[in-house]
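User: Hi! Could you walk me through a few of the terms used for this structure? I would like to see how each one is reached.
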Amino acid sequence: MDIFGSFALLLAFLTAVYAFVAGIIGIVTRRVLLTKSARNAGMAVFGLVTLAVATLEYFFFTDDFSLAYVAAHSNRALPLYYKFSSLWAGQEGSLLWWSWLLSIYVFFALFLNRKRHPELMPYVGVTLAGVQIFFLTLNNFVASPFHVIAGADGGGVLRLAKLADGSGLNPLLQYPEMVIHPPMLYLGYTGFTIPFAFAMAALLGRYPGEKWIHITRRWTMVAWCFQSIGVLLGAHWAYAVLGWGGYWAWDPVENAALLPWITGTAFLHSVMMQEKRGMMKVWNVWLVFVTFMLCILGTSLTRTGIVSSVHAFAESNIGPYFFGFLGIVLLVCLAAWYKNRDYLRSDNQLDSLVSRESSFLFNNLILLAACFAVLWGTLFPVISEAVAGNKISVGPPFFNKVEVPIALFLLFLTGVGPLLAWRKTSVDALKRNFAWPGVGGLAAGAVAFALGWRDFYPLVCVILSVFVALTILAEFYRGARVISSRDGSNILTAVGELTMRNTRRYGGYVVHFAMVMIFVGIAGSAFNQDIQKELNVGQSMAIGPYTILCQNFDQPSNDNYQSERATIEVFRNGKSRMMLYPERRLFRASGVTETIVANQSTPVHDLYVVYAGRSPDTNLPVIHAYLNPLVKWIWFGGIVLVLGTILAMIPDRRAALVLRAATDRPWAGEAAPNPVVSGPIHRTGSDD
Amino acid sequence: MNPNRNARNFLKTHDRSTFYSTIIRGVSAARITLVLALLSCAFAPASRADNAERAKALSKKVMCMCGGCNDTAGTCNHTGGAFSGPCDTAKAMQKEVADRVARGDSDDLILQSFVQEYGPTVLPEPPKKGFTWLVWVMPILAPLIAFYLIWEVVRRWRRQTLAPAGGPPISPELLDRARREADRESDE
């Protein structure tokens with residue numbers, strides 16, 4: 001069986017090489033059949049990698065511990081769904097998983113465009129094949145998941161061996177979110193390959209206009225959405241499972257996931273400059289290039305342990321491969337840009353400094369500043385050791401000091417930018433759009449101050465959050481009011497109608513709103529409290545408005561783990577409010593302990609109780625309680641963010657209406673001399 | 001009462017200089033109160049609770065040097081270990097901080113002694129001097145440079161916009177392109 005898997009992988013590698021070489025020859029000699037064949041090869045890689053993945057899963061599901069990878073990451077007692085997710089629990093499997101997700105994207109990108117863009121697609125295919133070759137090289141020759149176990153028999157002859165049981169999945173990964181988080185994050189990482197390939201193709205093939213941006217808009221949003229989900233799920237996992245009371249520690253691997261997300265966000269905004277005004281072409285191409293390179297860098301930071309990280313997934317020798325590949329990508333990008341730079345000249349100029357254009361420039365500047373600071377802080381220990389020879393740590397305080405002001409400025413732009421008109425915004429429009437949100441924000445700040453939020457940054461965050469939320473609500477309200485006054489529908493129907501007519505714009509607003517919620521949740525962390533105490537049965541401690549009384553300790557167990565559990569009664573104002581059961585599980589197969597946090601989460605705060613185990617000194621049980629305000633808003637915000645992104649990907653309803661107007665009759669009885677341009681487009685003070 | 005109207009009424013009945021000196025007096029009174037408050041903090045006998053708070057805050061300013069975690073001594077929390085609380089190294093470091101705080105050492109002195117003992121990796125924030133100064137400066141410097149570059153680009157764009165004023169008559173192609181662009185911009 002293992003032969004089957006490794007053979008499929010090898011074939012996948014060869015097929016990718018064929019797609020690459022035949023694609024190039026097809027482009028150079030202009031042979032259509034060869035180009036087609038290369039494309040089909042690119043799609044076939046998907047089938048072959050799928051076979052390899054299926055083979056590996058088969059080993060996991062049948063508890064066949066003759067493969068080293070399976071023996072190291074699974075055991076018989078493991079629940080079935082964790083056997084499935086064990087596939088990406090280690091180095092080799094993760095890289096295979098990368099290849100597989102990438103091959104899915106590649107398949108769909110090639111398949112959906114098989115009859116479109118005949119000038120562009122051959123270049124896209126070659127670029128994609130190039131990336132696939134790199135990862136399949138790793139899968140085949142550097143980190144193959146199909147290594148078998150062999151042992152020497154009595155005569156010293158090596159024979160294939162099969163273990164009776166595996167050493168089990170890391171218990172920290174035995175959590176439902178860990179079944180979803182890595183695939184999401186990897187779908188983000190791999191997904192940015194598609195816009196990268198299209199940008200590279202447009203540049204190499206000198207494909208005219210903004211086409212590549214139109215084609216890749218949804219692809220980019222899909223990748224961005226997955227990356228957002230991946231980052232947020234990771235944060236939630238750290239919060240719910242690791243039991244240290246926080247969700248973000250500025251760990252190198254966390255930062256690595258954040259970097260392409262930031263540049264991807266910048267790209268999603270700056271493409272509008274190119275679509276609407278034909279500006280920032282060079283910038284957009286480079287943003288995509290950088291985003292892709294950061295994805296590769298992120299994967300390598302996660303996989304190679306080059307920067308020391310608590311995510312000790314792997315410390316291995318594949319670093320040089322990744323950095324070699326990064327170097328090649330950078331060189332190809334530079335060469336492609338240098339050769340075709342004349343093609344990227346801007347069509348337009350900036351008319352006014354107070355305009356949508358300049359707000360996008362600022363948005364991109366600030367996003368890239370944020371990205372740079374994270375990257376710089378993450379890599380600085382390595383740089384410092386290499387250049388100055390001294391080891392240093394760059395910890396969370398550094399990132400908080402640097403990133404918080406940047407993020408708040410970005411939040412400010414989120415409120416201001418979308419309301420500035422293209423080309424030029426009048427002073428009147430500024431007053432009209434910002435007066436009430438500004439007043440609302442300051443009022444909220446005053447209330448927060450009165451309620452005891454006295455720290456500078458959280459206070460600014462509250463003011464800005466309310467300001468941005470109000471500008472967004474005002475946008476919906478203004479637009480909906482015009483529609484409802486025109487066709488007499490009620491305001492809520494009109495909001496729906498408005499949104500569906502321009503999903504991209506209003507979906508974008510929903511995503512902005514989600515970001516506001518996330519910011520509010522993060523601001524709460526300035527007011528976290530915690531207390532750690534030895535608590536025997538019958539003893540209690542106080543945190544915030546709560547009193548925690550320890551009722552009992554017991555030891556529930558099963559085949560997979562044995563456990564120690566505290567039963568805790570929580571009082572508020574002298575009244576019993578709830579029971580919590582924080583727990584520690586000792587997993588039998590791996591001998592690793594895991595905390596099961598008891599978290600009572602409300603929109604106001606989380607009461608987060610950890611059973612820390614027995615104190616090594618006194619052997620008394622130790623309870624660690626945290627009171628974390630507003631955390632839930634982060635997870636709410638994540639859900640809203642996904643909904644907003646999906647909304648922005650739905651095609652506008654307007655298009656259908658315009659078509660009908662053009663073929664059928666003027667829309668809603670209005671005389672429409674030129675229906676195609678005078679469709680039922682509603683406008684407010686600014687346009688998108 | 002509207003405070004503005006108050007001030008205006010005040011100005012009607014008093015001359016301006018009295019008005020400002022009243023304000024200044026108000027401000028300096030506030031300042032004296034503040035200084036007094038700070039002084040009272042400084043000279044208040046360092047209670048045990050204050051010391052504990054200070055020690056807790058300080059222990060979060062040194063990394064736990066056990067090598068197995070990436071936490072500060074104050075937040076060390078070995079998840080997945082036998083006991084998810086501070087490890088022995090972290091506890092020893094916490095105790096050292098507490099002892100030195102009790103002895104009355106200043107924050108700087110305490111941090112310095114840790115650097116002497118463990119080297120600069122003990123600080124989660126790199127010191128703002130020598131080579132590590134760069135880690136602090138670059139996140140400020142880089143956006144400023146980028147801002148300057150953007151500013152230059154914007155200025156060039158603006159100059160190009162201003163140039164064709166009063167130039168040759170508009171060609172039909174240009175007009176056509178402008179129309180197409182207007183269509184495209186009003187597309188969404």
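This is a predicted model: local features need pLDDT of at least 70, side-chain atom pairs count only at pLDDT 80 or more; totals for chains, interfaces and linings use all residues.
User: Which residues of α13(A) meet which residues in α14(A)?

Analyst: Residues are numbered from 1 along each chain as its sequence is written, with chains lettered from A and ligands numbered from 1 in the order in which they are written. From α13(A) come S359(A), F362(A), N363(A), I366(A), L367(A), A369(A), A370(A), A373(A), V374(A) and G377(A). They meet F398(A), F399(A), V402(A), E403(A), I406(A), A407(A), F409(A), L410(A), L413(A) and V416(A) in α14(A). Contact here means C-beta atoms, placed from the backbone, within 7 Å. Helices (H or I, at least four residues) and strands (E, at least two) are DSSP runs, numbered from the N terminus.

User: Why are α13(A) and α14(A) called roughly antiparallel?

Analyst: Their packing angle is about 165 degrees, and their axes are 10 Å apart. Axes are lines fitted to C-alpha atoms, for helices over the stretch in contact, and angles run from 0 to 180 degrees between N-to-C directions. Under 35 degrees counts as roughly parallel, over 145 as roughly antiparallel, 65 to 115 as roughly perpendicular and the rest as oblique. The two helices are therefore roughly antiparallel.

User: What makes β12(A) mostly covered?

Analyst: A residue is buried if 20 or more other C-beta atoms lie within 10 Å of its own, exposed if 12 or fewer, and partly exposed in between, with C-beta atoms placed from the backbone. Eight of the nine residues of β12(A) are buried.

User: How do you know that β12(A) pairs with β3(A) and with β11(A)?

Analyst: Pairing takes at least two bridges found by DSSP between two strands. Six bridges join β3(A) to β12(A), and nine link β11(A) with β12(A); both pairings are antiparallel. For example, A625(A) is the bridge partner of I531(A), while H605(A) stands opposite P629(A).

User: What makes β3 and β10 of chain A edge strands?

Analyst: The open sheet has the order β3-β12-β11-β10 (chain A). β3 (529-534) and β10 (598-601) each pair on one side only.

Methods
Two residues are in contact if their C-beta atoms, placed from the backbone, lie within 7 Å.
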